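Colleague: I would like a close look at one part of this structure. Please take it from there to the rest of the model.

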Amino acid sequence: MIAAAGGLLLGAAARPARAAPAPTAEVEPFYGRHQAGILTPQQHHSYFATFDLVAKSRNDIATMMRAWTAAAARLTEGETAQPISENLAMPGGDTGDTLGMQPSRLTITFGFGPGLFVKDGKDRYGLAQHRPEALVDLPAFNGEQLVAGHTGGDISVQACADDPQVAFHAVRQLGRLAYDVAQIRWTQAGFLANFPAAETPRNLMGFKDGTRNPTQTPAPGRKSIEEVVWVGKEGPPWMQGGSYLVARRIRIALEHWDRTEVDFQQQVVGRSKYSGAPLGGKEEFESPNFDRVDSDGNPVIPETAHIRLGASELNGGAEIFRRAYSYNNGSNFTAERWPPWRQGIEYDAGLFFLAYQSDPRNGFIRIFENMSKLDAMNQYTTHVGSGLFACPGGTPKGRYCGQALLES
Amino acid sequence: MVHPRVFAKIVSLASLALLLGHAALAAEPQGLLGTLRRHSIVTSTVPSNGDQNPYALVIAPVSAGKIHKGDVLIDNFNNKDNLQGLGTTIVAYTPSTKQTTLFAAIPRRLPQCPGGIGLTTAMTMLKSGWVIVGSLPSQDGTTRSKGPGCLVILDSQGSVASVIAGPNINGPWGNMAVIDNGSTATLFVSNTGFGVGSPDGSPPVINKATVLRVELSIPDGKPPVVTKETVIASGFGEQADKDVFIIGPTGLALGPGGVLYVSDALGNRIAAIPDAITRQDSAGTGKDVTKDGLLKRPLAMVMAPNGHLLVTNGLNGQVVEIDPETGKQIYARWVDPNKAQSPPGSGDLFGIAMTENGDGFYYVEDEVNMLVMAH
């Protein structure tokens, strides 16, 4: 019956005029030493949600996480969140909007926000003593205009897939399983353009984004990606093999950027727009030479360039692993915060910045404290949403995500 | 603190500025501007509460309370949400230590100050240690909800000591000219709020802006008290603006012989008010000193030791040097060539103040919330 209904839909109006590429049948396993969706090769779509806990007890949260884990494992295999019942006199075990679709490399990554441990000064679930030191309250940064409705959350869920509906579907199913325990606080969809595998994807500013991300074969003096991302023995047992996620919704004044000379854009970023090479260099992946000066003695990569201010070698070795998506929330009224203070209907679009690190105090916070004040790009970007989440280590089969914490 | 790596960037900007300066006016370096070579970022002006948009600059004439002689006081017009007319803070930069600290965080609502607090370019510090700062407040970041505001008197710890308000004060806006005799002082303040309404549509130019002379008595250990107020100039254009809040006369500088120079932003001119210290009536909009040319919406203004006026342009990143005796526009220097704006630096400049020894000047870059020194 289910298959018939799906066939009806596909056979009729829903069938596209030209077949789109088939979503991949490839599965990204849910269970493992680390949570998937962090070092997993980046999928093209994401749907991120944070939840506020309204649970009355820690046990309610454990029950939800148990259900979420089971559902997540099924969903990543391309199955429904729960088995479909033949009893039609009740809501379905799945909303059904991905029936017949491939797994699409779906990953679901869970994180715990500060509010799980302490909220409004209250230790609601007896977990305050287990709050990791690294799960700090992010400090206020210069120029940010955080909207309360797009900031924080007690639990984060990041679904990534090569199909947008698969990603949204996953979060939607988990939300259904959380009724009366957790309610959605804010969500954000994201996309990563389908550039050829050999190309570094470009963000909405038209520049390659992620060239200097940590890799498994780091350049001399830099850390490996595992060192950057995973919490080691310095963290509590439930966080070992986990990572800290900083999420920032960064609105980009695209109209302002689009009116800017390309040469000045390059000065802002510190790279050639078209080749991706650092200024003064020739190849995208060569190390930027921050010491190079022109004939007048001025630095070739400006002192306020984005890549300089973000460089690990100039930030005491601080590194983060960026796994960002572009976002596009349509358009709405905005007042730019730079001269000439343009106001009007503008794209509500930009970068949904997602960065993983073993300790945000030595990662994002260390880097962005300086960058938020000095980066020339701040004339085009505004951070409007934010969150920090402790993503536990991976879940072995037979257990549920966060079990070691919730049963501690 | 600003990272020291920034300095070289500014050298780079300075090189560009020189090129542009020559292009703008093909002349050999002259006056003060022609002798300056470097633009150095000094400090971020953003305090911990996130206030934005630095406006007024004042060099402390004495050490008192939290302030050291030679400190640069900078106030902020916008709050952390970048709403104009809601900034409440003054920070102090101490050149000897290179530290920037919060001097004052004025309560957003002061019952004696109609409309609340949004700190403007009108600020001074007296030898007696009192700091006086103007407020042109808004509730929503536009003139739609503006109040008349006031002048707030702060003690040297940054606490509110007294407030000056009344029918002669409505939007005290431009940088103050001051005569400070210790136990008495005279302030010159422009008011740009009379009759200004909503910025919606095409708000009209209203010719009701004034320059008010405020005479103060300063009893020992007590806040200054107003002994007399006189409107000495009036009829300047003022206009609500949805982007820059309000446009009106902004720069005030006293010259020899009691002449007060006024930058008339909408008239795109510098005016002279004769007998400003003694006159008992309004001189109207004064006499033209110079008009148009290199001026592009002149804003804050100071008098340099050489007797020339330095005025910041609102519509590009240039400072213009003027000989007020002859009215000659001597030189324009591109102190903020930021191409994120067009023309470069447009809308970025506002306050300006001479360095303590007079060999350069401080200015603010509103687009990046920085204090910068040209030297």
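In which loop of chain A does A:Ala198 lie?

Modeller: A:Ala198 lies in the loop between strand 4 (182-191) and helix 5 (225-229) of chain A. Helices (H or I, at least four residues) and strands (E, at least two) are DSSP runs, numbered from the N terminus. A:Ala198 counts as exposed, because its relative accessibility is 75%. Exposed means over 50% relative accessible area, buried under 20%, and partly exposed in between (1.4 Å probe, protein chains only). A:Ala198 and A:Ser243 are 45 residues apart in sequence. In space they are 27 Å apart, C-alpha to C-alpha.

First, some ground rules. This is a predicted model, in which local features need pLDDT of at least 70 and side-chain atom pairs count only at pLDDT 80 or more, while totals for chains, interfaces and linings use all residues. Residues are numbered from 1 along each chain as its sequence is written, chains are lettered from A and ligands numbered from 1 in the order in which they are written, and side-chain values use heavy atoms, with hydrogens and water left out.

Next, confidence. pLDDT is the predictor's confidence in each residue, from 0 to 100. Chain A has a mean pLDDT of 92, and 94% of its residues reach 70 or more. Over residues 1-20 of chain A the pLDDT is below 50, and this stretch has 6 contacts in the model beyond near neighbours in sequence. Contact means heavy atoms within 4.5 Å. Chain B averages 91, with 92% of the residues at 70 or above. Its residues 1-27 have pLDDT below 50, and that stretch has 56 contacts beyond near neighbours in sequence. The model scores ipTM 0.74 and pTM 0.83.

Now a buried residue. A:Ser326 lies in strand 7 (residues 325-335) of chain A. It counts as buried because its relative accessibility is 8%. Leaving aside neighbours within four places in sequence, A:Ser326 has contacts that include A:Phe191, A:Leu204 and A:Phe352.

On to the nonpolar cores. A nonpolar core is a set of buried Ala, Val, Leu, Ile, Met, Phe, Trp, Tyr and Cys residues joined through side-chain atoms within 4.5 Å. The largest has 104 residues. A:Met65, A:Trp68, A:Phe110, B:Leu310 and B:Phe361 touch the most other members. Helix 2 (residues 58-76) of chain A gives the largest share, 9 residues. Apart from this core lies another, of 25 residues, with A:Trp341 and B:Phe77 among them.

Helix 7 (residues 262-269) of chain A also has buried residues, including A:Phe264 and A:Val268. Their cover includes helix 6 (254-258) and helix 8 (306-309) of chain A. Just after helix 7, A:Gly270 takes a positive phi of about 95°.

Last, the interface. The contact takes 29 residues from chain A and 29 residues from chain B. Together the chains bury about 2,500 Å², 50% of it on carbon and sulfur atoms. Buried area is the accessible area (1.4 Å probe) that two parts lose on being put together, summed over both. A:Glu303, A:Pro339 and A:Trp341 supply 23% of the area that chain A buries against chain B, more than any other three residues. The count between the chains is 1 salt bridge. B:Lys339 and A:Glu261 meet in a salt bridge through their side chains (3.0 Å, N to O). A salt bridge is a side-chain nitrogen of Lys or Arg within 4 Å of a carboxyl oxygen of Asp or Glu.
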